[in-house]
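Please read the following report alongside the sequence and the coordinates.

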Amino acid sequence: MTASVATLHSHEPADTKEETSLHDETLSRLRDHIVEGNIPDGGRILERELCELLGISRTPLREALKVLASEGIVELLPNRGARVRALSERDLHELFDLMGGLEALSGRLACENITDAEVAEIEQLHHEMYGFYLRKDMHNYFRANQTIHQKILAASRNHILQSTYATLAGRIRRVRYSANFAREKERWGEAMREHEMILDALRRRAGAELSEILFHHLRNKRRAALEPAQQQSDTAPSTLR
């Protein structure tokens, strides 16, 4: 009887794991595809093309789109598929300020609660991120970057803060990625220097200092993200009324 139970359980998780693996991989690849700017803001998501690109059927694609809609990255249109969510200048101002406040609070709380092992883990991620920066590997740099921010958030030990952050993070993930390309990648170097300061303050458990750095880190991201729209506005020809 024990053997038959073991046999039964050995089969069920395999199928579940395979489905979960396909779902997670599809979600990750689709998220990266959109975040990295392969579909423009407000652009329609062409299911047939994405299915061919990802090598999947429409069912896992649509399941992934539902998750991305909950993250605020895409909008589901009734009977018309989905499109990439476009953010107005006002949206960006308000979201970056709010996210900056949440990250500032997470930094202050993290300095009160973080362990030496967690600091060492973040330090290792920082070194990996720096290597990606030197190789101009934006894809892996951004992944390491976001993991560092998530580790600091986790070290806050505040679950309500974490859930609030999670509901908003997806909405500006795409903009945070593209902001690194501002001013011919000058912003990317600035972001790397800011991360050096973040790590230094975290090592010293300097909560107030880390809080300030993280808030201005998001403010600088916002400035870089808004630059293209502002430059376009400045260069647009005036019209006579």
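The report below takes up the cores, then the arginine, then the helix packing.

This is a predicted model, in which local features need pLDDT of at least 70 and side-chain atom pairs count only at pLDDT 80 or more, while totals for chains, interfaces and linings use all residues. Residues are numbered from 1 along each chain as its sequence is written, and side-chain values use heavy atoms, with hydrogens and water left out.

A nonpolar core is here a set of buried Ala, Val, Leu, Ile, Met, Phe, Trp, Tyr and Cys residues joined through side-chain atoms within 4.5 Å, where buried means under 20% relative accessible area, exposed over 50% and partly exposed in between, with a 1.4 Å probe and protein chains only. The largest such core holds 46 residues, of which Leu30, Ile34, Ile45, Leu61 and Tyr141 touch the most other members. Apart from it lies another core of 20 residues, including Leu95, Phe96, Leu161 and Ala224. Beyond its neighbours within four places in sequence, Ile34 is in contact (heavy atoms within 4.5 Å) with Ile39, Ile45, Leu68, Ile73, Val74, Val84 and Arg174.

Arg222 is placed in helix 9, residues 207-235, helices being DSSP runs of H or I with at least four residues, numbered from the N terminus. With a relative accessible area of 13%, Arg222 is buried, and, its neighbours within four places in sequence left aside, its contacts are Leu92, His93, Phe96 and Asp97.

Two helix pairs are set out below, with axes as lines fitted to C-alpha atoms over the stretch in contact, and angles running from 0 to 180 degrees between N-to-C directions.

| Helix pair | Angle | Axes |
|---|---|---|
| Helix 6 (residues 138-155) and helix 7 (residues 159-179) | about 160° | 12 Å apart |
| Helix 4 (residues 89-113) and helix 6 | roughly 60° | within 7 Å |

Angles under 35 degrees count as roughly parallel, over 145 as roughly antiparallel, 65 to 115 as roughly perpendicular and the rest as oblique. Helix 6 and helix 7 are therefore roughly antiparallel, and their contact is made by Met138, His139, Phe142, Gln146, His149, Gln150, Leu153 and Ala154 of helix 6 with Leu161, Gln162, Tyr165, Arg173, Arg176 and Tyr177 of helix 7.

Helix 4 and helix 6, by the angle between them, are therefore oblique to each other. Glu103, Ser106, Gly107, Leu109, Ala110 and Asn113 of helix 4 make the contact with His149, Ile152, Leu153 and Ala155 of helix 6.

How values were computed
Helices (H or I, at least four residues) and strands (E, at least two) are DSSP runs, numbered from the N terminus.
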